[in-house]
Amino acid sequence: MRRRPRTALASALSATPTGRRAGHAPGAAGPAPTEDRLSGARGTAPAPDRPEPGPGSRNGGGGPTTGRGPARPTPEAGRRTGPVRGTSRERLRAWAELLRVSALFSVPGDALAGAAAVGRRPGRGTVLAAGASLCLYEAGMALNDWADRDEDAVDRPHRPIPSGRVSPAAALGAAGALTAAGLALAARAGRPALTVATGLAATVWAYDLRLKHTKAGPAAMAAARSLDLLLGATATATGASGGRTPGDGSGPDNVAGTGGPSATTAARTPGALAPALPALPAALVLGAHTYGVTAVSRHETRGGSTGTPLTVLATTAALAAAVAGERRGRVLSGPGAPPAPQAHAVTGAPVAGHVTPAPARTTHAPPGERPASAASARLPALAARAAGDPGRLLTLGLTAAYLRTAAPPLLHAALNPSPPLTQRAVGGGIRAMIPLQAALAARAGAPVTGLAVMGLVPLARSLARKVSPT
C-alpha cells in the first residue's frame, strides 16, 4: 500500500511531454531554435544571399530544373518563404543588394577628377554633380535588375527581385524617381550641367533596356562613365564662374595656382560642353577602363572566357602607363608662381601668348632599338626626376594602387575562367576606379583631391564584404 504513491508519481512523470516532438508546458521555456544548416539562419527561411535548396534537400522540392544544377524555386515561391523577409532589416538589405550600395564609392571620384581636370577647386557645382551622379548611378542599378528579372530568375534567383524581396514595380519606380532626382540636382548646377546629365541619363536607360546584351553594350557603359566625369567638370567650371564661360577672368585659377590652358581652350570652344573640354582625356581614360570591366562582366554568370580577361589586363597596363607618363608641358609651381610656357594638354598646340619650347629629346626609340627596351631604359630617368617631385610621386603611387587592385583578379580569371573568379575580376575592376580617379586628379595638379578620393577605398572595401558590388 505504501508503494502506490510512488507508482502514481512515476506514471505522472512518464506521461509528461518530453523532447522536441511533444512541445513544452505553458509558461515554460521551449527548446532553443535550431540553426538551419542550409541557410545559416535560424528557422527554415533561406538567407537572401544564398541559393535555395533543390528538390533533393530536406525541405522538399519546387521549381523546374534548368540544366545548371539543382532546381530553383520560382519568384512566386520566394515571396511566400518565411516571415523574416518582412522585417525592416531584411527589406533594407534587399534594397542595398538591389542598388549595390558598395559600388557607390566609385561614383564621387568622377566629379572630383573632373573638377581637377578643368583646373578648379571643388565647389558647390562639384557637390551637385556628385549628387546627380549618385542618383543616376543608382537609377541604373535598379533599372538593370528590373530589366534582367527573368534572366536572374534562372541564373541568380537569390537577387532581390527574383527572390520576391523587392517587387518589379517598386524597382522600376525607384529607377524613375532616382533619374528625376539626378536631373533636378544637375539643373541646379546650370544648363550646361543639365545637358550633360540628360545625355548621361539617356545612355543609362538605353544600356539597361536595349544595348546591354548587344555588342554596343560595353561602349554604352563606357560612354556613361565618361559623361559622368564630364558632368563634374562642367558643373564645377560653370559654378565657379557664376554661370559665365570659363576663361573670362571671373573664376579662380587651377588647383596648382598656375594660369593653365584649360580656361583659354574652353573660352574658344562654343557650346554647352565647352567647360568640360579640358577634361576629355581623363574621361576617355576612365571610359576605356569601364569598357574593359563591362566586357568581363558579360561572362560573370557562366564564365568560360580566357581571352577577354587577358585583353582587359593588357588594356589596364596601357592605361596605367598613360596616367603615370609625364604630362607634356606640365610645370610644377605653387600658389603665386608666375605662369610658365605650356603646351596644350589635349592637342599639344601652343597656348596663345607663349612660345612652346623645343623638346629636349625625341620621344621615339632610336633605329634598331626595340620599344620595350627603350621604355625600360627611360625608367631610371623617370624615377630620378620623380624623386624630387612629390606630386609626381603621388601620381605614381596612386597608379600603382590602381594596377594592384585591377590586375591580379584579371590574371586569375584568365587562368581559371570560372564564374566566381570572373565575378571577382569584375568587382576588382569596379573598386579600381577609385585609385584611377585619384591618380587622374593628382596628375592634373590636385594632390589633395587625389588623396581625398583615395580615402574612399577603405569604405568601399568594408561595405563590399557585406553587399557584393556585382
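Here are some notes on the charged side chains in this predicted model.

1. Start with the overall tally. Searching the whole structure turns up seven salt bridges. Aromatic pairs, on the other hand, come to zero.

2. Take E97 and R165 next. They form a salt bridge, with the closest N and O atoms 2.9 Å apart. E97 belongs to helix α4 (residues 88–99), while R165 is in the loop between α7 (149–155) and α8 (168–188), so this pair ties together parts that are 68 residues apart in sequence. Both E97 and R165 are buried.

3. You'll find D110 in helix α5 (residues 108–117), and its relative accessible area is 0%, so D110 counts as buried. D110 makes a salt bridge with R225, and there the closest N and O atoms are 2.7 Å apart. That pair links distant parts of the chain, since R225 is in helix α10 (residues 217–240), 115 residues apart from D110. R225 has a relative accessible area of 7%, which is under the 20% cut-off, so R225 is buried too.

4. What else does D110 touch, leaving out residues up to four places away in sequence? Besides R225, the list has D228, L229, L286 and Q437. With Q437 there is also a side-chain polar contact of 2.6 Å.

5. Now over to D145, which is in helix α6 (residues 124–147). Is D145 buried or exposed? Its relative accessibility is 1%, so D145 is buried. The side chains of D145 and R159 are joined by a polar contact of 2.7 Å. If you skip neighbours within four places in sequence, the residues in contact with D145 are L98, R100, D152, R159, P160 and I161.

6. D152 and R156 are both buried.

7. R149 sits over the face of W146, 4.4 Å from the ring centre.

Conventions:
Residues are numbered from 1 along each chain as its sequence is written. This is a predicted model: local features need pLDDT of at least 70, side-chain atom pairs count only at pLDDT 80 or more; totals for chains, interfaces and linings use all residues. Side-chain values use heavy atoms; hydrogens and water are left out. Rings of Phe, Tyr and Trp (its six-membered ring) pair if their centres lie within 6.5 Å; planes under 30 degrees apart count as stacked, over 60 as edge-to-face and the rest as tilted. A charge sits over a ring if NZ of Lys or CZ of Arg is within 6 Å of the ring centre and within 35 degrees of the ring normal. Helices (H or I, at least four residues) and strands (E, at least two) are DSSP runs, numbered from the N terminus. Buried means under 20% relative accessible area, exposed over 50%, partly exposed in between (1.4 Å probe, protein chains only). A polar contact is a pair of N or O atoms within 3.5 Å; within protein, one must be able to donate a hydrogen and the other to accept it, and residues adjacent in sequence count only if both atoms are side-chain atoms. Contact means heavy atoms within 4.5 Å. A salt bridge is a side-chain nitrogen of Lys or Arg within 4 Å of a carboxyl oxygen of Asp or Glu.
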